[in-house]
Amino acid sequence: MYSRSKHVYLDRPVRVTMLSVGGSSRIFSLPVRGFCSAVIYRKSLPPVITSSPGNYLHRSGGGAHVSGVRALSGGSSDAAGGWYSSLADSTPVHLCEQLLVSVQEASGLPWWFSICVATLSVRTLVTLPLAAYQLVVISKVEALQAEISELAKRLRYEVSVRARERSWTERESRFQFKKNMRRIVSQLYIRDNCHPFKASLLVWVQLPLWISLSLALRNLSLDQSDLQGALAAGGALWFPDLTIPDSTWILPVCLGLTNLLIVEVFSLQRVAASRTQRLVLNTVRGFSLLMIPIAATVPSSMALYWFASSLVGFSHNLVLRSPSIRRLLQLSTPHSTSPYRDLLTAFIAKYHK
């Protein structure tokens with residue numbers, strides 16, 4: 001219950017004083033910023049690799065050594081291949097090549113198994129902690145909704161009072177309310193250290209990592225070297241050659257179905273999705289289906305990595321739903337004691353009619 005109140009001086013754009021529980025007051029004054037980004041993918045011819053004694057991989061031309069992998073620092077091939085050639089010959093991609101080679105050499109496993117092990121290791125050590133942090137941030141944001149709603153009611157009352165005093169129009173009143181509400185919400189995010197942008201850290205790390213590993217596998221699969229021969233004989237079952245596309249389409253279809261399953265499980269968390277959320281979900285569904293023909297045109301090593309990455313990501317999503325994990329993360333929002341049974345029930349209720 002509120003013990004004291006102060007009027008919000010809306011004619012002072014840098015200061016908004018609002019009520020708080022326990023009799024103290026808060027001052028809200030920070031703006032909100034947004035960020036956006038886009039990623040474009042295009043095919044191109046890879047740079048040439050030649051075998052060399054002393055190095056597992058050796059790219060022709062001058063360059064710097066990166067733990068046994070010697071990468072080109074420039075040349076006419078970059079000009080011919082454009083930005084994609086530069087991206088495929090970048091340091092992150094070469095580091096991912098070295099990671100894949102190191103895992104295969106250290107384990108002695110077949111290449112298809114090494115790719116799965118490397119995928120599991122990277123996603124568990126890098127993206128899983130970020131996914132847990134994302135869950136903590138989202139939980140804090142959801143816990144703030146009740147307080148934000150109460151503050152919005154109080155601010156709306158203060159705006160109406162000041163509108164009568166200053167003879168504001170309806171448009172001016174809405175402008176003042178939205179401007180000061182943004183500041184209030186931003187200050188609450190700072191107070192609880194849960195700005196929604198922090199929840200996007202997983203995307204900003206996972207997407208470049210996914211692209212780098214994909215290009216690394218493409219380089220290793222298509223460049224003419226002794227390693228290409230090892231990949232050509234490093235497959236299994238219906239994809240014995242990892243350097244060519246999966247002609248049976250089994251890997252691409254499994255990839256598409258796994259991605260669709262992830263999307264549908266995520267959609268079950270939104271009981272009353274907004275129009276924008278439905279649009280985003282349908283877009284992701286379409287992209288999941290589009291990945292099927294794309295995966296059917298790339299080397300099987302890439303399709304296998306994409307499928308393994310999606311499968312590991314889905315497994316991590318289920319792990320993070322565990323009540324034990326949620327207690328360990330000290331999530332402030334209420335959660336079910338039987339999340340997996342509830343998820344299965346919701347899934348059946350939605351799709352089995």
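**Aromatic pairs and cysteines in the predicted model**

Phe113 is partly exposed, since its relative accessibility is 37%; here buried denotes under 20% relative accessible area, exposed over 50%, and partly exposed in between (1.4 Å probe, protein chains only). The structure is a predicted model, in which local features need pLDDT of at least 70 and side-chain atom pairs count only at pLDDT 80 or more, while totals for chains, interfaces and linings use all residues. Residues are numbered from 1 along each chain as its sequence is written, and side-chain values use heavy atoms, with hydrogens and water left out.

Over the whole structure, 3 aromatic pairs are found. Rings of Phe, Tyr and Trp (its six-membered ring) pair if their centres lie within 6.5 Å; planes under 30 degrees apart count as stacked, over 60 as edge-to-face and the rest as tilted. One of these pairs joins Trp112 and Phe113, which are stacked because their ring centres are 5.3 Å apart and their planes lie at 20 degrees. Trp112 is partly exposed, at 28% relative accessibility.

The pair of Trp210 and Trp306 is also stacked, with ring centres 5.3 Å apart and planes at 25 degrees. Trp210 belongs to helix H6 (residues 201-222) and Trp306 to helix H10 (residues 300-319), so this pair ties together parts that are 96 residues apart in sequence. Helices (H or I, at least four residues) are DSSP runs, numbered from the N terminus. Trp306 is buried at 3% relative accessibility, whereas Trp210 is partly exposed, with a relative accessible area of 26%.

The structure contains 0 disulfides, a disulfide being a pair of cysteine sulfur atoms within 2.5 Å. Cys96 is buried, at 8% relative accessibility, whereas Cys116 is partly exposed, at 22% relative accessible area.

Note on methods
Helix = DSSP H or I, 4+ residues; strand = E, 2+ residues; numbered from the N terminus.
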